[in-house]
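This briefing sets out selected features of one protein model for use in computational work. The points are grouped by topic after the structure.

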Amino acid sequence: YQTLKSDYEDLGKELDLVNEENLNSCKEDDLSDKVIEELNIDFNAKYIFVGGHYSTVAKLRKLFPKAIFILKETETIQPNMLKDLDHVVYLSRFMNHCMYKNVRDKIKGTNIPEFHSMKIGCEAILKDMSEFGKFAQKR
């Protein structure tokens with residue numbers, strides 16, 4: 001019992017250290033207001049983001065309050081989600097073929113602009129979107 005209790009406490013300490021490292025890493029990766037202002041992106045537009053790493057998606061959720069995130073192939077797009085949708089952004093590095101096909105089939109023929117980013121990390125994805133140039137305009 002004592003050995004198990006000691007192992008459990010050691011694991012708890014390790015977990016606390018990992019969580020602290022993750023928190024520090026997220027703080028270092030936070031985007032400055034200056035970087036965000038320089039981007040050519042309408043953060044209040046309605047987006048669907050398909051795929052993405054969970055830590056990146058957490059940051060994107062804060063920046064895009066009206067966005068919908070599809071993170072699993074079992075998640076589907078309902079017709080009401082397409083209403084007033086401005087863009088679909090595929091985060092291709094963390095997306096499988098089923099996710100892509102499910103979304104693509106729903107928006108086919110809607111004239112909703114689509115964008116694929118192969119970048120990793122919030123800042124790189126945002127810069128990729130900004131360089132694409134269509135994210136500042138309403139359709």
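The model is a predicted one.

**Helix α4**

- Helix α4 spans residues 97-107, and Met99, Val103 and Ile107 are buried in it.
- These three residues lie on the same side of α4, because they cover an arc of only 50° around the axis.
- In general, an α-helix has 3.6 residues a turn, so residues three or four places apart point the same way.
- At the start of α4, the backbone nitrogen of Cys98 has a side-chain oxygen of Asn96 within 3.0 Å.
- Gly109 follows α4 and has a positive phi, near 80°.

**Aromatic pairs: Phe49 and Phe69**

- With ring centres required to lie within 6.5 Å, the model has 7 aromatic pairs.
- Phe49 and Phe69 form a stacked pair, because their ring centres are 5.1 Å apart and their planes stand at 10°, where stacked requires planes under 30 degrees apart.
- Phe49 belongs to strand β1 and Phe69 to strand β2, so this pair ties together parts that are 20 residues apart in sequence.
- Phe49 and Phe69 are both buried.
- Ring pairs join Phe49 and Phe69 with Phe43, Tyr47 and Phe64 into a cluster.

**Aromatic pairs: Phe115 and Phe132**

- The rings of Phe115 and Phe132 have centres 4.6 Å apart and planes at 40°, so this pair counts as tilted.
- Phe115 lies in strand β4 and Phe132 in helix α5 (residues 122-132), and the pair links these distant parts of the chain, 17 residues apart.
- Phe115 has a relative accessible area of 7% and is therefore buried, the cut-off being under 20%.
- Phe132 has a relative accessible area of 36% and is therefore partly exposed.

- Ile36 is located in helix α2 (residues 33-38).
- Ile36 counts as buried because its relative accessibility is 18%, and buried means under 20%.
- Ile36 and Lys127 are 91 residues apart along the chain, and their C-alpha atoms are separated by 9.3 Å.

Terms used. Residues numbered from 1 in each chain as written. Predicted model: local features only at pLDDT ≥ 70, side-chain atom pairs only at ≥ 80, totals over all residues. Heavy atoms only, no water. Buried < 20%, exposed > 50% of the residue type's maximum accessible area, 1.4 Å probe, protein only. Helix = DSSP H or I, 4+ residues; strand = E, 2+ residues; numbered from the N terminus. Arc of directions from axis to C-beta. Polar contact = N/O pair within 3.5 Å; in protein donor to acceptor, adjacent residues only side chain to side chain. Phe/Tyr/Trp six-rings, centres within 6.5 Å; stacked < 30°, edge-to-face > 60°.
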